[in-house]
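This briefing is meant to be read beside the sequence and the coordinates. The points are grouped by topic.

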Amino acid sequence: MAGDAGRGHLQVTGLSVEYAVGARRLRALHDVSLDVPPGHRMAIVGESGSGKSTLGLAVMGLLPRNSTVSADGVVLDGTSIAIGDPSALRRVRGRSMAMVFQDAKASLDPVRTIGSQISEVLAAHRVVPRSERRAEVERLLGEVEIRRANLVARLYPHELSGGMRQRSMIATALAGRPSLLIADEPTSALDVTTQATVVDLLHRLGSTGQMSTLLITHDLALVAGFADSVTVMYAGEVIETGPVTRVYSAPAHPYTRALLASIPSIADSRAATLGSIPGSLPDPTQPTAGCQFEPRCVVGNGREMCCTVRPVEVTVAGGGSARCHFPAELGAVSDEEAKVGPVRRAVARQAPVVQMSSIVKTFGRRGLSGSQGVTVAVDDVDLRIEQGESVGIVGESGSGKTTLARVLIGLERADSGETRIAVSERLEPVQRIPSDFAQFVFQDPGDSLNPLMSVAEIIAEPLVLRDGGRAARYLPQVNDLLESVGLRSSMAERRPLELSGGQRQRVAIARALSTQPKLIIADEAVASLDMSARGQILNLLAALQQQHGFAYLYISHDLSMVRHVCDRVVVMYSGRVVETAAADSLFADPQHPYTQALISAVPVPDPVVETTRRRMLLRTEIGDQQHSGEGCAFRFRCPLAQERCHSERPTLDAAAPHAVACHFRELAVESFRAPRASEVG
Amino acid sequence: MTGDVAVAGRASFRSAWSWVRSQPTPLVIGVVILIPFLLMAAFPGLLAPHDPFKIEAIPLQPPSGSYLLGTDEVGRDLLSRCIYAARNDLLVSIASAAVAFTLGVALGLFSGYVGRRTDTILMRLVDVLLSFPTIVLALFLITIFGRSMWVQILAIALVMMPSTARFSRGEGLVLRGRGYVEASRISGGSRRHILVRHVLPNAMPTLLVAASVLASSAVLIAASLSYLGLGAQPPEPSWGNMLRSAYGVVFDAPLYGIGPGVCISLVAGAYILIGEGLRRKFRTDRNVGTLGNTVGGV
Amino acid sequence: MPSLRKARLVGVVAQLGQLLAVLLAVSLLTFILLNALPGSAADARIGPLPNFSPEEREQLLASLSKQMGLDKPLPIQYLIWVKDAANGNFGLNYQGLEVSQVVGDRLGPTIELGVASILLSTIGALIVSLIAYRTRWRVVRGGIQGAVTVLMVMPTFWLGLLLVIVFAAELQWLPSAGFTSISDDFGENLKYLLLPALTLALPQLALFFRYLNAGLRDTSHAAFVTASRARGLTNRGVDYRHVLPNAVLPTITVVGLVAGSLISGLVIVESVFSWPGLGLLLVESVKKKDYNTVASIVLITAVAYVVVAFLVDALYRVLDPRTRRPT
């Protein structure tokens, strides 16, 4: 096709998109231009509302009907794409350009087999003759590293694991042999180890020179190891673009800089508070004439130039460009606001506040078919939380971490095991933990606040339940609590729907604080928030801990965050604890093969580190096998598994400062330090 | 002064009008349709042009100036009979819907929220009731307990109750998993506190939509029973028994059935429109169609 | 995978068990209601008997009660009743005829009418909803939706009346009521069938349409539909290969529910068109307080409901791969 130059040269100029919502017009994209060279990997990053997904859909011609799109030109490999012509677009879609979506489960037809969904693309674009379709389907599945392709082709999407589904979707995208692949958050719904293998696959597919890749994501760490260049979007505009190394080492736009400062890295222990960006996105129905970032900008806030004139693109030394009036001043304000972060607690052991022993929790019931359908969610787990300590439980979905927390707080009843809590210096067993001993912060504040109650009623509810009376009686306490989570007391009369995501989570935290508990359990408490709000909430939680001295139990899949906030980390896999140690020790010297894989799979937001880092990739077969009681839970995915691992369950030495449940601990240590070449990412 | 009052009056009228305008269209239309029927039910004597029980004209007249809908087979004014029938039909439909709603919602929300074995047992019972087809169960009950209006109301209510319970149980199940319910449990909220403070208020919008579907089904079931001669007894008029009479004289007076037929459809339609309006107003997307269909199979 | 097959088998057995349990409960409830009736079954059998003195009547009643087993304790009576019912023996009706015989005669016409209406309504709903979904003209969509709304709120008997007025009274194309057996004259049978079947089918069509329409609309917003458009499939291909199969699924349950409770509609329609089926018999028996006949019909329809629900479940499992194999 394009000969030596490779394929996939995408040029977008002056692309704008508006949505009509009721009588209002909502600006989704404004004058966006992109130039993706052939065979290039470009990442589009931004928070929700930045327009990054709209950009992908607009190029593909998949915008909803209530949108109006205009562009000076969209050109792929020299051929202009008629952005307003549905039938012309249809012929190009799936053929010249293809798209991979976030949620593979929802993006594959549940009632058709994988094979038929790939083969219909082959048929629609007449890629290969009918007689060769079956072979081509299997070749494509092989291409996305699916083994036993002829079996998988006959399966339905729900019969595959998340990673396999995403690979299958990538195969449908590759079927038309496109020159441009747009991947919209392709890994956000996946576990971190699976994410690593899928990103790896996309990286390899994008390295042939025959296809360029547009990775749309909110995850700056993911971008670092993947992309050649990065484009940062804010409020529907491109505000900075450039080679990935330059953007990460010397961001030219204040927004890019703030964003990079707000994400914790798994490579650093906690040293400083996270950066945060005050304020929120501008109203997309009333765009201003000036710079869209001006109200939140440390450099330009209030400056007349920034308020009234839209910045032009200025070339940045080191490559790329940024839309900022005062890029030179960014260095001056640099890191003055970086404060001292959460203090690392002394290693000396303190008295425990909570001690859980031998907790077992199963779901499902034993019916006629015996034990089939019974899932062991938590399998003989001990957990000890000390006074004022921050403990993190990490693990992938299905590891039992959330169930353990729910058992602790009393939302689930354990099948067996004991929970003891500190009552005046002694540990005493309890059936149910009292509400003024422990409180819970849920993942989604939109769901955990009753939409019909006022903020004051919500915050006062635990007090009302404990001490009686009406919510109004506790107004003084409510005001204090609001203040301590950084909200104005005027918020007390608001309803949750009138608050932003970050504000809602603050209300949820205030409610948790109301009974002055000794322990706060935070279950993915920042996972549903945007990047800039996450930093604020984590900083708030750290500050509150310093002030009140309670203990935290963080449940999270985000290892970077856990590294940043936790003193001690517990790693769970398939209902069991496989490793536990002080955070520094665990991240510096992971000893269980699963922990090693987990940590090595987490991307670091630093392109230089990422290019030299080596990954230990775990494979999953069709569906994830459920382990049975015998043997090590991890044996099916473990590179070190031997006969013994199938028959004997490894134990965890609870007394050791760095406890590992692995028969081959010494071997494991070696394997991490010298990964095999075949598994290098 | 009077001018001010007039201005104020006009202003308040204008603000009331703009409030009406801001409501979802189906809701407004539904209420507008329903109002005349409520008036008929309340003041039939004021609205009816003739005595509905008096034989005063030639039977089976087509609609004319003095008898707007014509006369029936014995020469009574059809329009007046339609108006007098409103009270019985509206009362039966609203009362039976209210009874079914109260019992069904209480049972369903409780069952769904409590879950486990209680739920299994209650829902099996509901399954058993559900497997008696609507009209059949109502007929059975009327055979046994007689033909009074109260039996009719209770029979219709009992017929609609199981599906209401089913539906509310779904709501209870959904709400049970909500974060705010769990947060309340963590803080020691009792079952009663949670059901009253969290579950019921948040289920209400959806349940109200369901209630209007119930009312609509009740109108149709009540009319069916009357049609079969098991509802209001002659000479007491009801839309259903008027249609029954209309059927007997279809070749002589084809227009006889128009009045009662339109009345039933308008009232049933008004309830549905109100339900649709409420759904838009509360933005609840849960489909209450199953409810309408399982109770409405007439 | 043998364990899978075993699990499926166990599932089916468990479902059959549940089915049986529901059937038993249904029969128990029917029996209880039956016994809540004022006056005994023997009383109803004898009737007023004007030529007998009260004493003579008492005597007759006592001997008949004994003969009918009414002197035994209720639980025993129930067991006998269930046993007899399972053998197709529902006792005698008010005229002293075998209920099973009378009811059996009515089954054929009822099944014919029911099947005809379900076929008409499902096929019709499929066609109409596809037209409404695929049409480019809003007028067509709006028109269909308006008509469906009207059908939803029209009582069946009024709809039947209107059809009779148009097709029997005015156009005189079809008979207004009556029945000819399918074995006597197929053509005549069809003529008589058409209006009642249509009357029964139209409201069902409206209901199915609402479900299909909602299903099509919801599915058209599904991520996999956008994804298949992103793969360059034509609108037609997307609609028929992906949207329709997924949209039909929820409607199947509703068709099952309606088919299972068809008797509710049949009661009305058979009365309107004098169609000699179970529904008409039920109404007649209710009016004559013929308890045995009513009870047998109640039981039969409840059994039909439970069995249809079971079959629909099975059908669903065939059509939706997600319910077929464990995730």
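The model is predicted. Chain C is built from 14 helices and 0 strands, and chain B from 12 helices and 0 strands. Chain C touches chain A through 25 of its residues, and 45 of its residues are in contact with chain B.

**Chain C as a whole**

- Along the sequence, the order of elements in chain C is α-α-α-α-α-α-α-α-α-α-α-α-α-α.
- Chain C is more spread out than a compact globule, because its radius of gyration is 25 Å, well over the 20 Å that the globule rule gives for 327 residues.
- Along the principal axes, the C-alpha atoms of chain C take up a box of roughly 90 × 65 × 35 Å.
- Of the 327 residues in chain C, 40% are buried.
- Among the contacts in chain C with a separation of 6 or more, 69% join residues 24 or more positions apart.

**Chain B as a whole**

- The order of elements in chain B reads α-α-α-α-α-α-α-α-α-α-α-α.
- A box of roughly 75 × 65 × 25 Å, taken along the principal axes, holds the C-alpha atoms of chain B.
- Chain B has 298 residues, and 53% of them are buried.
- In chain B, residues 24 or more positions apart make up 72% of the contacts with a separation of 6 or more.

**Where chain C meets chain A**

- The contact pairs 25 residues of chain C with 30 residues of chain A.
- On the chain C side, α1 (2-35), α9 (223-230), α10 (235-260) and α14 (321-324) each supply at least two residues.
- The largest share of that side, 7 residues, belongs to α9(C).
- Sorted by class, the side of chain C that touches chain A holds 11 nonpolar, 8 polar and 6 charged residues.

**Where chain B meets chain C**

- Here 39 residues of chain B are in contact with 45 residues of chain C.
- Two or more residues of the chain B side come from each of α5 (116-130), α6 (134-145), α9 (191-227), α10 (239-248), α11 (258-282) and α12 (289-296) of chain B.
- With 7 residues, α6(B) gives the largest share of the side of chain B that touches chain C.
- That side of chain B consists of 23 nonpolar, 15 polar and 1 charged residues.

**The largest nonpolar core**

- The largest nonpolar core contains 366 residues, and A:V223, B:A138 and B:I156 have the most contacts inside it.
- Helix α9(B) contributes the largest share of this core, 18 residues.
- Apart from its neighbours within four places in sequence, B:A138 is in contact with B:A155, B:I156, B:V159, B:I221 and B:L225.

**Helix α2 of chain B**

- The 18 residues of α2(B) (residues 25-42) should span 26 Å at 1.5 Å a residue, and this agrees with the 26 Å between its end C-alpha atoms.
- At B:I35 the helix α2(B) bends by about 25°, and a proline, B:P36, follows within four residues.
- The buried residues in α2(B) include B:L27, B:G30 and B:M40.
- Among the elements that cover the buried residues of α2(B) are α3 (44-47), α4 (78-114) and α11 of chain B.

**Helix α18 of chain A**

- For α18(A) (residues 501-513), 13 residues at 1.5 Å each should span 18 Å, and the end C-alpha atoms are 19 Å apart, which agrees.
- Because 12 of its 13 residues are buried, α18(A) is largely enclosed by the rest of the structure.
- The buried residues of α18(A) include A:R504, A:R506 and A:R511, as well as A:Q503 and A:Q505.
- Also buried in α18(A) are A:G502, A:V507, A:A508, A:I509, A:A510, A:A512 and A:L513.

**Loop residue A:Q591**

- A:Q591 sits in the loop between α21 (583-588) and α22 (593-601) of chain A.
- Is A:Q591 buried or exposed? It counts as buried, because it has 21 C-beta neighbours inside 10 Å, where the cut-off for a buried residue is 20 or more.
- The C-alpha atoms of A:Q591 and A:V578 are separated by 9.6 Å, and the two residues are 13 residues apart along the chain.

Terms used. Residues are numbered from 1 along each chain as its sequence is written. Chains are lettered from A and ligands numbered from 1 in the order in which they are written. This is a predicted model: local features need pLDDT of at least 70, side-chain atom pairs count only at pLDDT 80 or more; totals for chains, interfaces and linings use all residues. Two residues are in contact if their C-beta atoms, placed from the backbone, lie within 7 Å. Ala, Val, Leu, Ile, Met, Phe, Trp, Tyr, Cys and Pro count as nonpolar, Asp, Glu, Lys and Arg as charged, and the others, Gly among them, as polar. The radius of gyration is taken over C-alpha atoms; the globule rule is 2.2 Å times the number of residues to the power 0.38. A nonpolar core is a set of buried Ala, Val, Leu, Ile, Met, Phe, Trp, Tyr and Cys residues joined through C-beta atoms within 7 Å. The expected span of a helix is 1.5 Å times one less than its number of residues. The bend at a residue is the angle between axes fitted to the seven residues ending there and the seven starting there.
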